[in-house]
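Colleague: I am new to this structure, so please show me how to read its main features one at a time.

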Amino acid sequence: MNSLLLFASFLSFLVCLLHTFAGGRAIAVPLLEAQDLHPVPKYVTYFCWHIVTIVLAMLAVLFVIAGFRPQSLELAWVATALTASFCLLGLAVPPIKKQKYKDMPQGWLFLPILILGFLGSVGL
C-alpha cells in the first residue's frame, strides 16, 4: 500500500467535490442562467464542465488503484502527468490574463496532489 498515492487520491476526490458543489454554484449555475450568451458556447462550456468533473473523479480513481496495487504504478504516473499539466496551466493563466490567483486558485489546488503523486510514484 502506497500512502502517498492514497493521500493524492483523497485530495483529488476533495478537489472533485469542491469543483462539483462549490464550483457548480459559483460557475455552472450562473453560466446556465446567463441570458446574453449564445446557446452553442453556453452549452459547450457546460459540457466541458462535466468533462472536468469526470476527469477529476478519474484522477482519484487512478491514484487509489495505484495506491493499493504497486503493479499498477503507471496509472499513478498518468494521474501525476495530468495533475502537473492542470497545475501548470492553472498557475500560468492568471498572470497571462491579468487575473488574480484569489479569483482563479485552481492551479494551486493541484500542486499538493502533484507533489504527492510524484513522490508516491518514485517510491519515496
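Modeller: Helices here are DSSP runs of H or I of at least four residues, numbered from the N terminus. The model is predicted, so local features need pLDDT of at least 70 and side-chain atom pairs pLDDT 80 or more, while totals for chains, interfaces and linings use all residues. Residues are numbered from 1 along each chain as its sequence is written, and side-chain values use heavy atoms, leaving out hydrogens and water.

Colleague: Which helix gives the largest share of the lining of the largest pocket?

Modeller: A pocket is an open set of points on a 1 Å grid over the protein atoms alone, where a 1.4 Å probe fits and protein lies on both sides within 12 Å along at least five of seven lines; lining residues have an atom within 4 Å of a point. Here α1 gives the largest share, nine residues, although α1 (3–33), α2 (39–68), α3 and α4 each supply at least two. The largest pocket holds about 910 Å³ of space, and of its 27 lining residues the closest to the centre are H19, W49, V52, Q106 and F110. By class, the lining has 20 nonpolar residues, six polar and one charged, with Gly counted among the polar ones.

Colleague: At what angle do α3 and α4 pack?

Modeller: Axes are lines fitted to C-alpha atoms over the stretch in contact, and angles run from 0 to 180 degrees between N-to-C directions. Helix α3 (residues 73–96) and helix α4 (residues 106–122) pack at about 150°, with axes 8 Å apart, and they are therefore roughly antiparallel (over 145 degrees). Their contact, meaning heavy atoms within 4.5 Å, includes W77, F86 and L91 of α3 and W108, F110 and F118 of α4. The residues of this contact comprise 14 nonpolar, seven polar and no charged.

Colleague: How do α1 and α4 pack, and which residues meet there?

Modeller: The angle between α1 and α4 is about 160°, with their axes 8 Å apart, which makes α1 roughly antiparallel to α4. Among the residues that meet are L4, F7, L11 and V15 in α1 with L109, F110, I113 and L116 in α4. This contact has 13 nonpolar, four polar and no charged residues.

Colleague: What remains to be said of α2 and α3?

Modeller: Helices α2 and α3 pack at an angle of about 145°, with their axes 8 Å apart. Residues including V55, L59 and F63 in α2 meet residues including L75, V78 and F86 in α3, and that contact divides into 13 nonpolar, two polar and no charged residues.

Terms used. Angles under 35 degrees count as roughly parallel, over 145 as roughly antiparallel, 65 to 115 as roughly perpendicular and the rest as oblique. Grid points are joined across faces, edges and corners, and a volume is the space filled by probe spheres set on the points.
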